[in-house]
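The following exercises concern one structure and how its parts meet. Please study the sequence and the model before reading each solution.

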Amino acid sequence: MNSTKTKKPFFKSPYLLVLPALLFYSIFWAYPVFTAIREVFTAIDGGGFTLDNVFALFHDKKFEAAVTNTLVFALVSISLQFVLALALALIINRNFKGSSIFLFVMMIPMAIPISAVGVIWNTGLTQYGWLNSFLDITGLQAILEWLGILDGLHLWTDVSGMNAVMFLILIDTWTVLPSVMIIILAGLQNLNKEYSEAALVFGANRFQTVKDIVIPIIKPTIITALLLRIISGVQVWLISVMIFDFDKVPFLVERIVYYTKFYYGEEAYKLSVSYSLFVVLIVMGIAYLFLRANRKAERGVV
Amino acid sequence: MSYIKLDNLKKVYNKTIEAVKKFDLEIYKGEFIVFLGPSGCGKSTTMRMIAGLESVTEGDILIDGKSIINLQPKDRGISMIFQSYAVWPHMTVYDNVAYALKLRKKSKKEIDKVVQEVAVVCDIVQYLDRYPSQLSGGQRQRVAVARAIAVKPKLFLMDEPLSNLDAKLRVSMRTDLKRIHQDLNSTSIFVTHDQSEALSLADRIVLMNNGVIEQIGTPNEIYHEPDKMFVAQFIGSPPSNFFTVKVAKKDDKVLLSNDDFSFEVKQKQKIQKVLLKDDLNKEIIL
Amino acid sequence: MNKGANKALFYMFITFLGFVFLIPLIYLTTTSFTSRIELTDFPKPIIPKFYHDVEFQWDNDNNRYNFSRLNNDGEYELLIWGDSEGLSKYLEEKLNVVMTPDELEDEIRISKETGDVVHLKLYKTVFLNYTKFFDVFSGAGNAFKNSVKVAIYTIILSLSVGGSLGYALARSEIKGKEAIGIGALVVRMFPTIAISVSAAVMLINFGLFDSMIGLAVVYSIPNIGLTAWITKGIFMGVNKELEEASLVFGATKLQTFKKITLPLVLPAFAASSMYAFITAWNDTGVALLLTNRNQTLALLLYNSIGGTSSIHYAAAGSVLLITPAVIFTFFLRKYINKLWG
């Protein structure tokens with residue numbers, strides 16, 4: 001700003017531009033957040049401060065399972081997706097004919113609404129669904145039966161517990177892998193290729209080049225991609241419900257919806273708010289950790 | 001006996017673009033060779049073929065009599081300074097210089113010794129703990145040099161290493177590079193488009209244009225005895241003057257004349273004879 | 001290494017990869033063209049069949065036509081019998097073949113007259129499932145309109161509030177700019193569904209529960225932050241000197257904004273609106289918690305799962321649901337990279 005400050009009328013000042021956002025968030029974001037906090041720590045009958053709801057949350061029948069499933073899902077899925085996406089991005093990292101069409105095709109699963117994903121896999125994984133049809137038509141069914149892996153037409157949705165979670169991870173990977181790959185690809189293409197060339201000249205093989213040079217330099221990109229995915233991962237629920245139905249394979253957000261939609265009354269309400277706050281805390285915690293890591297990674301990388 | 005031989009080298013992209021059409025060169029041990037030429041002439045491409053960063057379409061490259069075109073860059077015994085320096089931004093200066101040595105599984109002690117040595121040579125001792133982003137362009141360039149000499153290579157490749165520096169630094173770094181080359185008794189190939197660099201640094205210059213070699217010679221030869229029109233045009237600052245004249249014989253004298261002037265060729269008989277024989281009554285360029 | 005072989009291998013791999021990711025979608029699309037009777041076929045074809053091989057035979061004893069269809073095992077399977085009127089209805093419901101009773105009678109009368117079997121190739125009305133979708137799932141038409149509404153509201157809200165914020169962050173010196181910037185980053189990642197339970201309370205208090213405006217407000221919570229972030233980046237990229245030149249040459253601030261700045265930042269606005277659109281269009285969870293009778297299309301589809309007898313309609317609805325998002329993704333390709341980089 002110039003040293004001779006001319007008084008600007010308010011409606012011309014830049015604060016005016018910030019005002020709508022500030023207003024919006026103070027009303028529509030702060031309100032629900034503080035309501036949630038208040039609800040969690042207030043007793044059911046309108047009493048004073050209490051930790052009862054927190055205890056109720058921790059002792060909820062499926063709380064442990066929900067937490068375990070959610071964390072396993074989030075962590076395993078991003079690990080799997082990261083490794084695969086990185087591998088694919090490295091392989092694809094060159095301009096080839098049809099690359100833009102290919103990338104578009106790869107991006108389609110990302111644009112699909114979750115409920116449609118649910119329809120797809122719901123219809124696909126039944127005994128006479130299209131997955132088994134595909135195996136049948138291509139002859140893979142016969143091969144797998146001969147190998148003893150399959151015994152007739154398999155009902156894919158007949159899994160439970162951790163296996164169910166793994167199953168969902170695979171479906172999630174199908175949906176999401178292309179988008180992670182594209183983000184990493186973008187990072188790779190912004191990378192000055194002379195960094196890798198220098199490594200090759202000075203003694204590194206391809207693997208060492210990727211490990212010592214490429215990955216550290218594109219770390220900020222990777223961190224951003226992973227952050228957004230893990231936050232999504234922690235909120236998984238719909239795909240589980242569409243394939244396995246409520247209450248079978250619990251997840252944190254699944255609990256939120258479950259208690260909101262299938263129960264009435266104060267107790268259930270308190271539970272769902274408690275679960276909600278819990279999820280918010282987890283997500284914000286993860287975001288904080290990742291942003292700290294990002295700041296560290298950006299140091300020194302120009 | 002040549003140390004490095006480039007035999008009929010050819011590089012074609014996409015089956016249509018001939019970046020390097022025909023490149024033949026023999027380099028002797030300890031020589032400082034400069035590839036000189038305008039942008040797009042193929043000098044960098046040739047160097048990258050020697051480094052192994054580009055594949056060879058046709059021809060061969062031999063070091064010490066052995067073909068290297070099927071070797072990985074890291075197995076060729078070379079070292080390279082890139083135009084953008086390519087100093088790894090996520091590593092400290094120390095780690096940058098030490099990386100190649102670490103890959104060769106040298107002991108920590110040995111690595112430290114070498115790094116400290118080259119740091120002194122390149123005057124970067126005080127930067128060893130810093131990150132490249134904290135250094136100026138010139139300092140980063142010296143890190144690139146230090147990294148390159150730490151591995152004591154058979155062959156030094158330098159791809160326009162001075163182009164991104166300011167004028168004053170360019171001139172002073174020039175001397176440093178030549179000195180390092182001499183101190184290490186290495187063989188070097190230096191790519192540039194700047195003829196003053198070439199003329200001051202090179203033992204021999206390879207002048208390229210459009211994928212072919214126009215002339216190979218010492219700076220003196222290139223400057224005073226250009227073989228071709230292109231060379232004569234390219235070398236010399238300010239550029240040479242060219243006149244179109246006609247050769248004529250008049251009373252025992254050989255004259256070169258055009259509308260503006262007439263010049264009697266007083267030099268040796270040989271030149272006169274050549275002129276008379278080949279170019280009598282023709283137009284030549286002086 | 002044989003370069004040619006390498007290249008061929010690469011392209012095969014790419015094609016294989018693309019195919020793998022597309023197969024579920026291909027099946028979905030095929031299912032959307034499938035008729036009721038084909039749902040129980042096994043194995044399900046990858047490419048849909050557009051006609052049925054059928055046979056009609058007049059049954060004199062019972063005074064009716066017998067109707068058979070060629071099934072997967074290559075046999076003509078007797079499915080139903082009746083008169084032209086009944087058969088015409090059956091054909092439409094189960095086989096997606098639309099024919100009036102008179103048209104049908106014309107075709108199969110011969111069997112009555114000669115006693116022979118009549119072979120026919122009956123062609124499906126290809127997009128029948130799509131039109132039927134809006135009938136079978138009550139409220140589908142309204143749900144579609146609702147989805148459009150909420151998407152538009154979200155875009156308007158995000159672009160206006162977020163855009164101005166982004167501009168302010170890029171161009172002006174405000175106290176607390178850094179804090180606001182981080183705030184924008186944080187809300188981008190906010191788990192909207194987790195806040196929906198409390199947001200429901202808030203909306204009820206504002207009278208916005210079960211309304212598209214209420215939904216749009218909640219969708220905008222992360223999207224305003226996102227838009228602000230995108231536009232901030234773009235505005236910072238637009239060279240200030242371009243604007244200053246315009247001012248020097250006599251244009252007012254408003255003119256400069258309209259003629260110089262705006263065209264350059266249009267791509268950012270396009271990208272932001274597409275993201276806002278996709279968020280609003282695709283969401284199911286938040287809509288589930290914040291609406292009751294006014295469903296969005298995504299929510300309707302979610303609710304329709306369970307009936308195995310109407311999968312083909314659900315598939316058609318899914319394709320309808322997916323299409324806008326895919327179209328926008330097609331245009332969004334370039335900006336996705338900028339977003340994360």
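**Exercise 1: the interface**

Determine how many residue pairs are in polar contact across the interface of chain B and chain A.

Next, consider the elements: in chain B, strand E6 (78-81), helix H2 (93-103) and helix H4 (137-150) each supply at least two residues of the side that touches chain A. Helices (H or I, at least four residues) and strands (E, at least two) are DSSP runs, numbered from the N terminus.

This is a predicted model, in which local features need pLDDT of at least 70, side-chain atom pairs count only at pLDDT 80 or more, and totals for chains, interfaces and linings use all residues. Residues are numbered from 1 along each chain as its sequence is written, chains are lettered from A in the order in which they are written, and side-chain values use heavy atoms, without hydrogens and water.

**Exercise 2: the salt bridge**

Identify which side chains meet in a salt bridge. Solution: the partners are B:Arg48 and A:Glu197, at 2.6 Å from N to O. The rule asks for a side-chain nitrogen of Lys or Arg within 4 Å of a carboxyl oxygen of Asp or Glu. Between chain B and chain A the count is 1 salt bridge.

Conventions
A polar contact is a pair of N or O atoms within 3.5 Å; within protein, one must be able to donate a hydrogen and the other to accept it, and residues adjacent in sequence count only if both atoms are side-chain atoms.
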